[in-house]
Amino acid sequence: MKVLIVEDEKTLAYDIEAFLSKLFYICDLAHTAKAGLEKVEGNLYDFILLDLGLPDKDGLSLLTDARKHNPDAAYIILTARGNVEDRVKGLDLGADDYLAKPFSLLELQSRMQAIARRKFAVNTHLVPLGDFEVDLQKRLVLHNNIEIDLTRKEFDLLSYLLLHNRRVLTRMQLSEHIWGSFADDDYDSNYIDVHIKNIRKKMSAFAAIDWLETVRGVGYKIKKQE
Amino acid sequence: MKLLSKLTLFITLSKLAIVLLFVLILPSLVERIASQYTNFYLREQQKKVMDVIAKNGIGYYLQDQESYGSYTMLKEEYISLEPVSVKNRLDTIETAMRLVEQDTLTYRLLSNTFKIGKQNYLLEIGKTTSAINQYNRPLQRIALYVLISLILVTMLIDLLYTRILIKPLGQIIKTKLLNPQFPFIHHSKKVKTTTKDFNYLDNSLILLMDQINVAFEKEREFTANASHELMTPISILQNKMEMLMADADENETLQQKLIEMMKTLGRLKKIVNSLLLISRIENDQFVKSDTLHPKELVEEVMEEISHRLEEKSISFRMNISKSVTLINLNRDLVFQLFYNLINNAIKYNKEQGSITIKEKFKQGSLYCILIEDTGIGIPSEELNTIFNRFKKANLSESGGFGLGLSIAKSIANYHGISLKVESKVNEGTTFSIVFPKEMLADK
């Protein structure tokens with residue numbers, strides 16, 4: 001998939017590019033609205049990541065212009081403004097999602113995946129997870145077609161781990177994904193562990209869940225699926 | 001005491017003192033005037049007598065008699081002439097007794113000797129003291145009446161005028177000192193007055209308020225800008241750390257260090273985010289047009305947060321009626337307000353503690369939600385500062401109260417909700433959220 005990153009903060013743009021390239025996205029960079037507009041005029045993208053605070057033009061007006069050339073792209077607004085009005089305006093203008101800086105690249109990936117599922121109808125098939133299958137579209141966990149009753153948060157936690165499988169996710173990263181701005185800053189507290197414990201309890205009743213690994217002192221990860 | 005009361009009291013007392021003084025000195029004053037006037041009158045009479053004697057000759061009056069005397073029927077006045085020896089020279093006015101036709105009366109008496117030819121004569125002109133003093137009493141009374149009515153009139157005028165005069169002061173106090181809510185968004189109008197001092201006071205206050213506004217505006221701007229400017233670098237740091245974290249998969253010590261760094265960065269992020277939120281609230285960036293049921297809201301908050309109850313085995317009770325509806329508020333913000341307070345109630349609770357959320361109607365009509373915990377409590381000396389952002393005590397090692405309560409306070413202020421706290425160390429804390437009357441929808 002092709003991604004255009006319009007971000008004037010070069011370091012951040014390069015980091016996003018490096019991160020997404022590893023996930024086999026093809027990235028284009030633009031550091032100004034002008035350069036961004038030139039890119040969208042000449043190319044078709046699947047994702048356009050748009051910073052609102054561009055030096056030469058407001059990101060929102062670039063969004064309007066870009067949509068004329070790339071109406072099918074998924075637009076994700078990245079901004080430090082975090083202003084509710086901007087957010088509403090951006091979504092009104094056709095943005096698909098909105099990420100407030102600072103955001104985690106893992107969160108960006110998760111959002112892009114969700115949009116891809118929704119917009120491009122990819123990944124609709126079931127994702128295998130040990131002896132289980134996860135339906136990301138319908139938000140279900142199945143074992144031999146029997147649904148396992150997980151709470152919303154438990155499912156979020158599991159699917160986030162699954163999306164980033166083979167990567168250790170810290171409690172802080174997990175709680176920020178699930179609670180967003182409400183995530184507390186006492187990261188040593190064990191409320192993530194409580195959720196993991198519940199997930200384990202519910203799922204191990206059906207089959208072994210040795211794929212869900214605790215990394216001592218760090219967090220959790222889902223081992224590579226065979 | 002108010003200035004007006006003081007002035008009123010002063011005016012009344014001073015006028016009263018004047019009346020009293022006047023009453024005290026009036027009799028002697030009137031007597032004095034009467035006696036002086038009598039002296040003058042006697043001298044005038046003497047002149048007239050001398051004139052008629054000069055005109056008619058002394059003989060016309062004496063007519064070979066020893067002496068001449070003339071008095072009216074009531075003997076209030078008399079004039080007498082008699083020859084005396086040369087040696088007696090007299091010219092006095094005194095009060096003396098005289099026997100007139102068997103009656104002994106007290107007279108004010110002018111005695112004067114004069115010479116015609118070789119003979120010396122004594123002239124006496126007298127007026128009874130009772131005749132002199134007969135007008136004193138009514139005079140005094142009238143003077144007193146006139147004085148009292150004049151004083152009453154002036155007092156009335158004084159009081160009315162001072163009232164008008166210091167009215168601008170009252171307006172200044174009302175519009176500038178009592179009513180305005182900080183920050184002074186509504187530019188206050190100048191109070192109309194021709195008194196220079198009040199003008200000066202009013203102008204100074206307006207200037208001061210403007211200056212405070214400017215300073216406050218600057219602070220808000222700074223907080224907003226600083227938060228924005230900090231977000232991008234934090235974003236970059238976070239990304240780099242996450243990438244490092246993924247690379248350091250096998251190296252446990254490196255991972256531990258990275259986690260510590262990420263925690264610190266997470267704290268920084270939380271602080272900046274909180275400041276940004278506070279500054280956005282203070283910049284009026286939220287619309288207050290939502291309607292919500294507090295019961296649903298609290299249930300939603302609990303859904304987000306209830307996992308944290310398990311950590312300390314805290315029991316939770318809620319008693320809020322379904323029927324209550326609150327209007328004209330921002331749902332997200334009020335959610336955050338409840339979230340922060342309940343979060344604190346959990347965070348600072350004890351093992352096996354409890355949290356109770358209940359509603360109450362205060363003073364009949366004010367709707368109020370209480371959040372009670374059985375936690376560690378807040379020492380009374382810290383109660384006043386828990387809402388202050390960056391108060392030292394709030395940043396103490398146990399994580400302190402952080403900015404959670406500052407945010408709660410900002411949200412409360414923004415909605416006109418009053419947030420109160422009562423606490424006993426080691427027994428628990430109760431936060432009361434009192435909603436303004438107009439926020440409660442009619443059932």
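**Reading the helices of chains A and B**

In this predicted model, α1(B) has a kink of about 45° at B:L26, shortly before the proline B:P27.

Me: What makes the kink at B:L26 a kink of about 45°?
Reply: The bend is the angle between axes fitted to the seven residues ending at a residue and the seven starting there, and at B:L26 in α1(B) that angle comes to about 45°.

Me: How do you know that the span of helix α1 of chain B agrees with its 54 residues?
Reply: At 1.5 Å a residue, residues 3-56 should span 80 Å, and because the end C-alpha atoms are 75 Å apart, the two values agree.

Me: Why is α1(B) called hardly covered?
Reply: A residue is buried if 20 or more other C-beta atoms lie within 10 Å of its own, and among the 54 residues of α1(B) the count of those that are buried is two. After this helix comes B:G57, with a positive phi near 85°.

Me: How do you know that the buried residues of α2(A) line one face of the helix?
Reply: In helix α2 of chain A, residues 33-42, the buried residues are A:A33, A:G36, A:K39 and A:V40. Seen down the helix axis, they fall within an arc of 120°, and therefore they line one face. Residues three or four places apart point the same way, because an α-helix has 3.6 residues a turn. On the other side of α2(A), the residues A:E38, A:E41 and A:G42 are exposed.

Me: What covers the buried residues of α2(A)?
Reply: The cover includes β1 (2-6), β2 (26-30) and α3 (59-69) of chain A.

Note on methods
Residues are numbered from 1 along each chain as its sequence is written. Chains are lettered from A and ligands numbered from 1 in the order in which they are written. This is a predicted model: local features need pLDDT of at least 70, side-chain atom pairs count only at pLDDT 80 or more; totals for chains, interfaces and linings use all residues. Helices (H or I, at least four residues) and strands (E, at least two) are DSSP runs, numbered from the N terminus. The expected span of a helix is 1.5 Å times one less than its number of residues. A residue is buried if 20 or more other C-beta atoms lie within 10 Å of its own, exposed if 12 or fewer, and partly exposed in between; C-beta atoms are placed from the backbone. The arc is that of the directions from the helix axis to the C-beta atoms. Two residues are in contact if their C-beta atoms, placed from the backbone, lie within 7 Å.
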